[in-house]
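Hello,

Here is the structure for you to look at. My notes follow below it.

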Amino acid sequence: LAGQPHLLDVPPERRGVRQLRPSRAEERAQRRRAVAVDQRLPRGALLTRIRRPERFREPARPALEIRGLVVRRGSRTAVGVDDRGDTSGFNLVLHEGEIAILQAPNGWGKSTLFAALAGLIPVDSGEIVLCGKSLSGLPIWERVRQGLRALPSIDGFFTSLDTKEALRLGNAHPADGHFPWAQNRSWGSLSGGESRRLALAAMGRPARMDLYDEPLSALDGRG
């Protein structure tokens, strides 16, 4: 009929489908959905920012600022090299309420960057700022007091401590009831997966900034 669209002119996904307006419940659910934003970084790295509406608000305030960071391992620059191979410094800003996941090729410098942020190794130049306060030159324990916590890929607990003592150092007590297999055991007797599960639990409530290096390493599907 004149004025009526021909069947072939209608996109296949709309043929025979009545267009319904989303219900209020569906609209509320849509607003609650997390949003993932990908950002390309130098040398083939990808940063995925996950923003949950209940945590992330615009305009977002910076939580962690990395400004012109350069870290060398011997004669090699491990952090701070751009796509041209020049040492220009690494820059990144993470905002309050974001969950950020860094993916990069082997040898990119992920663990080196983690260690530099945590204060485990010195930096050659640049600045690290947490919630407006510079962490440059601060030792590990002062960074923890400022609200920065870090869990490396290899657990750094003293193997002679029992699990309760080790967890108490992290101000957490998850072994009682939650992990009955960890009762009355030394940390050194745990398997890689068991120690990883307890180390993650020991992080407790979120701090201003929590850093994880390969947090799921040694865990199986149940872990």
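The lining of the largest cavity has 6 nonpolar, 1 polar and 1 charged residues by class. (Nonpolar covers Ala, Val, Leu, Ile, Met, Phe, Trp, Tyr, Cys and Pro; charged covers Asp, Glu, Lys and Arg; the others, Gly among them, are polar.) Those lining residues are P42, R43, A78, V79, G80, V81, F90 and W108.

This is a predicted model, where local features need pLDDT of at least 70, side-chain atom pairs count only at pLDDT 80 or more, and totals for chains, interfaces and linings use all residues. Residues are numbered from 1 along each chain as its sequence is written, and side-chain values use heavy atoms, with hydrogens and water left out.

The structure holds 1 cavity of 30 Å³ or more. The space in the largest cavity is about 40 Å³. (A cavity is a set of points, on a 1 Å grid over the protein atoms alone, where a 1.4 Å probe fits but cannot get out; lining residues have an atom within 4 Å of a point. Points are joined across faces, edges and corners, and the volume is the space filled by probe spheres set on them.)

Now the backbone. R43 is not a glycine, yet its phi is positive, about 60°. R43 sits in the loop between β1 (35-41) and β2. (Strands are DSSP runs of E, at least two residues; helices are runs of H or I, at least four; both are numbered from the N terminus.) R43 is partly exposed, at 28% relative accessible area. (Buried is under 20%, exposed over 50%, partly exposed in between, with a 1.4 Å probe and protein chains only.)

N184, also not a glycine, has a positive phi of about 55°. N184 is exposed, at 76% relative accessibility.

Last, a cis peptide bond joins E58 and P59, with omega about -5°.

Best wishes

How values were computed. 1 Å grid on protein atoms, 1.4 Å probe; cavity = no way out; pocket = protein on both sides within 12 Å on 5 of 7 lines; lining within 4 Å.
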